[in-house]
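Okay, everyone, thanks for coming. Let me put the next one up on the screen, and then I'll walk you through it.

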Amino acid sequence: MATSTPTPARAERPASSPYSRDSAEEVFRRTRARELALSRLLMAFVTTGLIFMLFPGTLLGVWNLLEISGRESAGLVSPAWLEAHGHAQVFGWIGSFLLGIGLYSIPKLRGAAAQAIRAAWVCWALWTMGVALRWSATVYLWEWRLLLPLSGVLELAAFLIFFRIISEHRPQDPAKQGLEPWTWAVLTATLGFLAVVGMNVAGCFYVSLCRDSPAFPHQFDQRYVALMAWGFLVPFVWGFSAKWLSVFLGLKALRTRVLLSALAVNSSGVVLAIIGQIRPATWVFVLGTALAIVAIRVFEPRDQPAKTKGVHVSFPVFVRIAYLWLLVAALLGVGASIWDTSGGIWGASRHALTVGFISVMVLSIGPRILPAFAGMRLLWSTKLMLAALLLLSVGCTLRVFSEVLAYQGYAAWAWSVLPGSALLELAGLTAFAVNILGTFLLQPSHVSNQPVIMGIPEMLARGNPPVR
Ligand code: HEM
């Protein structure tokens, strides 16, 4: 890989390094072996995430929606199954992706890696076991009083290993004072993630000791889902947007202070939601969202052309659509706090956020970064990427609008739209999974036959294509 950056001998090796007498070839060999080990780790997290997303997550979500549509009421479907679906999607899919990408990107892990990589594999095993156990115990009810808290403890243990590894990370350039703005967003989100994992363990112990079903009590669940959505998922995407979008979309420079205000406002909304002040919290989420959009400048004219090499050229459009969904989700939250009588407006707001914003972002940015992180591969199919994004966006639009109309009793015909919307979303998410797995299995890795002379995340952040 030819780049204009310094050679590895100068870029990666401190003067006192044990490798200082090694030949350049030896340094390349070690760097490549480390990159391959990290790619394998990332692919394990991503593949596990895709499996959780497809089967325990989306299929169960579709099944739940078919049941709700068949009975024309959300109240008659097992709350434990609804929560099992949400957990598989947020912890199983998004959580696994974030842990994998986080561990892969940390420069510390890219240095003296052997021990940290072993710890990262333990993190993967505990996390996967925890999420799988949680789903099976909730759905099959087998020994759930024991397995539910155990699953929460396993997830917490995995998260603490991740936290320990990342907390040892120090800025690469000690001359730079303070943290970069995107790091603040990711840090806030990581603390939100910790809070969600902690609240989940508390909820698991509570229901196992005091309740007749593994479902969290409704009020607790409402606050828990608000923390999950606005305290964890949203700031993570803002952090990723602040880091990558100016390069990938050619956006104007980030408005740093506005982003920090957005984070502060959003965090206060999360606190309000957790103490039960849901209605004021929804207004605060609208303000935080508006500030984030102003900060990231996602709807402003570009400074430079978008970098669409290796992905479908439409991807900047979908990133903007995702941010529109975030705004819709926040506004529907306000509407829900005033008018909801059926769970329909809350459900629509939640899915505008989780499917419209989070999933559309993952389906847009994932194909841009995951193939590069997985051993410098090229995306298997850019057409499949477009198909996935189109199917998911159409499915989400039908879902969000007909959920409000049907659940609230405004239009009976909307019940018949919901099953089709779920199948479109399922098709879109399946196309994404097939594309990423096809990339891992069918595309050659360019790490094995090209020298790697700088970290791939850093290369992408500068806008260099990962493979030439
Ligand atoms: C095919 C796509 C999907 C379908 C058909 C679906 C369906 C459902 C249904 C029927 C509910 C019950 C509440 C309601 O009626 O709205 C629900 C709740 C939920 N869904 Fe989805 N969903 C899908 C995708 C997703 C995705 C991609 C995520 C996250 C990334 C997600 C996260 C959640 C969460 C967090 C809940 C709340 C669970 C709780 O109350 O604890 N869903 N979903």
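So, contacts first: among those between residues at least 6 apart in sequence, 81% join residues at least 24 apart. By contact I mean two residues whose C-beta atoms, placed from the backbone, lie within 7 Å. Keep in mind that this is a predicted model, where local features need pLDDT of at least 70 and side-chain atom pairs count only at pLDDT 80 or more, while totals for chains, interfaces and linings use all residues. Residues are numbered from 1 along each chain as its sequence is written.

What is it built from? The protein has 15 helices and 0 strands. Those are DSSP runs, numbered from the N terminus: helices are H or I with at least four residues, and strands are E with at least two. Of the 468 residues, 49% count as buried. Buried here means 20 or more other C-beta atoms within 10 Å of a residue's own, exposed means 12 or fewer, and partly exposed is in between, with the C-beta atoms placed from the backbone.

Now the core. The largest nonpolar core has 144 residues, and Leu42 and Phe357 touch the most other members. Such a core is a set of buried Ala, Val, Leu, Ile, Met, Phe, Trp, Tyr and Cys residues joined through C-beta atoms within 7 Å. Helix α8, residues 218-248, gives the most to this core, with 18 residues. And where does this core lie? Domain 1 (26-170 + 196-216) and domain 2 (219-463) both give residues to it, so the core lies between them. Those domain bounds come from an automatic or database domain assignment.

Let's zoom in on Phe357. You'll find Phe357 in helix α12, residues 344-373. Is it buried or exposed? Phe357 counts as buried, because it has 27 C-beta neighbours inside 10 Å. Not counting residues up to four places away in sequence, Phe357 touches Val237, Ala322, Trp325, Leu326, Ala329 and Ala352. Take Val237 from that list: Phe357 and Val237 are 120 residues apart in sequence, yet 8.9 Å apart in space, C-alpha to C-alpha.

Back to α8, and a helix pair. Two packed helices are described by the angle between their axes and the distance between the axes. α8 and helix α10, residues 278-296, pack at an angle of about 5°, with their axes 11 Å apart. That makes α8 roughly parallel to α10. For the cut-offs, angles under 35 degrees count as roughly parallel, over 145 as roughly antiparallel, 65 to 115 as roughly perpendicular and the rest as oblique. The axes are lines fitted to C-alpha atoms, for helices over the stretch in contact, and the angles run from 0 to 180 degrees between N-to-C directions.

Who makes that contact? On the α8 side, the residues include Trp230, Trp238 and Leu245, and on the α10 side they include Phe285 and Ile296.

Last stop, a loop. Leu141 lies in the loop between α5 (114-140) and α6 (144-167). Leu141 has a positive phi of about 65°, although it is not a glycine. With 15 other C-beta atoms within 10 Å, Leu141 is partly exposed. Glu143 lies in the loop between α5 and α6 too, and its phi is near 50°, again a positive value in a residue other than glycine. Glu143 counts as exposed, with 12 C-beta neighbours inside 10 Å.
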